[in-house]
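Let us learn to read a protein model together.

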Amino acid sequence: MTDTRQVIQTPVRGQAAGSLPFRDTHAVYGRMSRVLHWTIAVLVLYQFVGMGLRLLFDKQPWLSPFVAYHQPVGTILFLLIVVRALWALSNRNNRPAHGHHFWGRAASLGHAVLYVVMLAVPTIALIRAYGNNRDFAPFGFTIFPAQEPPIGWMVNLGGLLHGELGWLLSILIAGHIVMVGVHEAMWRDGTLARMLGRKGRAG
C-alpha cells in the first residue's frame, strides 16, 4: 500500500513547497476543489439544520431564516454540485488515489454514491418546482412559470423522494465524516490534510 504521508510531503518539481495548486494533484486537492467542497458542506449543513428544526418545531416564525431561503440555497447547491462533479471528472487522473485495496475501492464506491445522491436531491426538487402550479422564483425572478394544471408525476416524484433522499444524504455524510475520523485516528494517513490543508503541502 502506498505511504500516503510520504506522498503528501513530496512537492512537485517546480512547485514551491507549502504552496497550494489550483488543480488537484496526486498528493492534495487543489484550491478549486477545496472551495467547492467546503462551500457545499456549509450550505448542506444549513439545509439540514433548517429542515431538522422544522421537523422538530413545525412552522414557527423564528424558523423563517432557514425555511425562507431553502429554495435559493438548494438551487445554488445544485449548480455548485454540477460544477464540482465536472471538476472532479476533469481532474480524475490527477486526484489523490484511494488505492486498489479493499478500503480504497470502498472509498471510491462511497464517494460515487455520495455524488449521485447529492446531485439527485436538488435535481428532484427542481423537477417538482418545474411541474408545480406555482411560479418558481427563488431569486425574485421567475425561473419556471406555474404549470396549469400541474404536472402530476413531477410533483409526486418530489413529494416521494426529495425529503427521503435528503435524509439518506445525511446518513452518507455522517458515514463520510466517521471514515475521515478513522483515517485520522487509526490509520494516520493524512487523508484530512488533503482537503483541509493544515498539514498537507502541495504535491
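The dialogue below takes one feature at a time.

Q: What kind of model is this, and how are its residues numbered?

A: This is a predicted model: local features need pLDDT of at least 70, side-chain atom pairs count only at pLDDT 80 or more, and totals for chains, interfaces and linings use all residues. Residues are numbered from 1 along each chain as its sequence is written, and side-chain values use heavy atoms, with hydrogens and water left out.

Q: What is the mean pLDDT of the protein?

A: First the idea: pLDDT is the predictor's confidence in each residue, from 0 to 100. Here the mean is 85, and 88% of the residues reach 70 or more.

Q: Which elements have the lowest and the highest mean pLDDT?

A: Helix α1 (residues 4-8) has the lowest, at 40. Helix α4 (residues 70-90) has the highest, at 95. Over residues 1-17 the pLDDT is below 50, yet this stretch has 27 contacts in the model beyond near neighbours in sequence. A contact means heavy atoms within 4.5 Å. Residues 199-203 also have pLDDT below 50, with 23 contacts beyond near neighbours in sequence. Where pLDDT is low, the predicted coordinates should not be read in detail.

Q: How many helices and strands does the protein have?

A: Both are DSSP runs, numbered from the N terminus: helices are H or I with at least four residues, strands are E with at least two. This protein has seven helices and zero strands.

Q: Which residues does UniProt list for "transmembrane region"?

A: A word on such records: positions are given in the numbering used here, feature names are shortened, and annotations may be inferred rather than shown by experiment. The unreviewed UniProt entry lists residues 35-57, 69-89, 109-131 and 165-186. In the model, residues 35-57 are 100% helix and 0% strand, and their end C-alpha atoms lie 33 Å apart. Residues 165-186 are also 100% helix and 0% strand, with end C-alpha atoms 31 Å apart.

Q: How much of the protein counts as buried?

A: Buried means under 20% relative accessible area, exposed means over 50%, and partly exposed lies in between (1.4 Å probe, protein chains only). Of the 203 residues, 31% count as buried.

Q: Is L45 buried or exposed?

A: L45 lies in helix α2 (residues 31-57). L45 counts as exposed because its relative accessibility is 53%. L45 also shows how sequence and space can part ways: L45 and S170 are 125 residues apart in sequence, but 9.2 Å apart in space, C-alpha to C-alpha.

Q: Is N132 buried or exposed?

A: N132 has a relative accessible area of 14%, so N132 is buried. N132 lies in the loop between α5 and α6. Leaving out residues up to four places away in sequence, N132 touches A146, Q147, P150 and V155.

Q: Which residues form the nonpolar patch on the surface?

A: Patches are made of residues with over 30% relative accessible area and no salt bridge; like charges are joined within 9 Å, nonpolar side chains (Val, Leu, Ile, Met, Phe, Trp, Tyr) within 5 Å. Here the patch holds F102, W103, V178, M179, M186 and W187, with about 670 Å² of accessible area together. Accessible areas come from the Shrake-Rupley method with a 1.4 Å probe; for residues, only the protein chains shown count as cover. Helices α5 (102-131) and α6 (152-187) each supply at least two of the patch residues. The largest share, four residues, comes from α6. M179 lies in α6 and is partly exposed, because its relative accessible area is 31%.

Q: How many salt bridges does a search of the whole structure find?

A: Side chains of opposite charge can pair when their charged atoms come close. A salt bridge is a side-chain nitrogen of Lys or Arg within 4 Å of a carboxyl oxygen of Asp or Glu. The search finds one. D24 pairs with R95, with the closest N and O atoms 2.8 Å apart. The pair links distant parts of the chain, 71 residues apart: D24 is in the loop between α1 and α2, and R95 in the loop between α4 and α5. Both D24 and R95 are buried.

Q: Where is the cis peptide bond?

A: The cis bond joins E148 and P149, with omega about -5°. P149 lies in the loop between α5 and α6.
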